[in-house]
Every structure is written in structure tokens, then in C-alpha cells.
Amino acid sequence: MSSSLYDDVGGLEGLRRLSEAFYDRVLADEVLAPVFAHFTPTHLDHVAIWLGEVFGGPADFSARLGGHQALLRSHLGLGIRDEHRQRWLELMADAIGEVLPARPELATTLMEYFEWGTAIAQEVSQDPVGTDLGDPGATPRWGYQGLVH
């Protein structure tokens, strides 16, 4: 096993492949496509950069894209419902199975992060755009043992 999830998913390119496989599914899905009505290809790249930082890669999301605060703010006002979150998790599990086949421990660890992260995104999404979220702290880091910091 490599030293980080980032290495084990194939670095930024691996995360871009995962994001692409996932968003291909999302944009074709009748439950989630409306939630992503304003999706752009830039979003896909930003997600890969976010995940790269979370999984032990370079801190580029914090350095260039606004860090944890910006990620949380991007979910304000979306009104994510339980069915959205569950469908998101199903489609991500499918994408992981496609991009990272035969890696059950890695898939389990990734899905644990996505379970945790989507719960936060759903909670934040109930607040209106412009809500002061306070200081959420540094971008979280996730490893094989869960939340590192």
C-alpha cells in the first residue's frame, strides 16, 4: 500500500478519471441532474483538486480555490435532500467500481469519506446563499484510518 490515498487513487489524474466517471453518471441521472444544472467542466477539475488535497496530495484547493470555506459556501442554498445524497453515494460507488476495480479496501475508505462529506454538504445546503459559516478550519485530510485532521 502506498503512503497516501492520493497515491493509491493515481494522483490528480486518477481523481480526474474518477470525477469524470462520476459526473457522466450524475448528468445523466434524473434525480441528480437538476441539482447540477449549473455544472461546468471546471467543476470536475475543482472536485479532483479538492479530493487530491483531502487524500494527502498537494494543498492546491486551499492555495488556489478558497479552501474549506469555499467548498462549504458552494453548497449553500442547494437544498440537498436525503434522496439526492443517497443517489450521489450510489453513483460514486459505481464510479469507484469502474475506475478502481479490485481495490476493495481503497473503495471502502473512499466511500467512508464520501459518507462523511456528503452529510456535511447536505447540512450546509439547507442554509441560504450568503450564510456566514464561521471558520470551518483547515481542509480535512482523510487516510485509511478515517479523518486525520
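I looked up Arg64 to begin with, and at 53% relative accessibility Arg64 counts as exposed, where exposed means over 50% relative accessible area, buried under 20% and partly exposed in between, with a 1.4 Å probe and protein chains only. I note that the model is predicted, so that local features need pLDDT of at least 70 and side-chain atom pairs count only at pLDDT 80 or more, while totals for chains, interfaces and linings use all residues. Residues are numbered from 1 along each chain as its sequence is written, and side-chain values use heavy atoms, with hydrogens and water left out.

**Arg64 and Asp60**

I find that Arg64 forms a salt bridge with Asp60, with 3.8 Å between the closest N and O atoms; the term stands for a side-chain nitrogen of Lys or Arg within 4 Å of a carboxyl oxygen of Asp or Glu. The two residues are four apart in helix H4, which means that about one helical turn separates Arg64 and Asp60; helices here are DSSP runs of H or I with at least four residues, numbered from the N terminus. Asp60 has a relative accessible area of 29% and is therefore partly exposed.

**Phe61**

In helix H4, which covers residues 60–64, I also looked up Phe61. Phe61 is at 6% relative accessibility and so counts as buried. Leaving aside residues up to four places away in sequence, I list its contacts as His46, Ile49, Trp50, Glu53, Gly66, Gly67 and Leu71, a contact being heavy atoms within 4.5 Å. From Phe61 to Val47 I record 9.0 Å, C-alpha to C-alpha, for a separation of 14 residues in sequence.

**Other salt bridges**

I record eight salt bridges in the structure. In one of them, Glu98 pairs with Arg25, and the closest N and O atoms are 2.8 Å apart. Because Glu98 lies in helix H6 (residues 82–99) and Arg25 in helix H2 (residues 11–27), this pair ties together parts that are 73 residues apart in sequence. I have both residues down as partly exposed, Glu98 at 47% relative accessibility and Arg25 with a relative accessible area of 24%.

I then turned to Arg81, which forms a salt bridge with Glu83, and here the closest N and O atoms are 2.5 Å apart. Arg81 is partly exposed at 45% relative accessibility, and Glu83 is partly exposed too, with a relative accessible area of 41%.

Which residues are linked in a network of salt bridges? I note Glu13, Arg16 and Asp45 as linked in this way.
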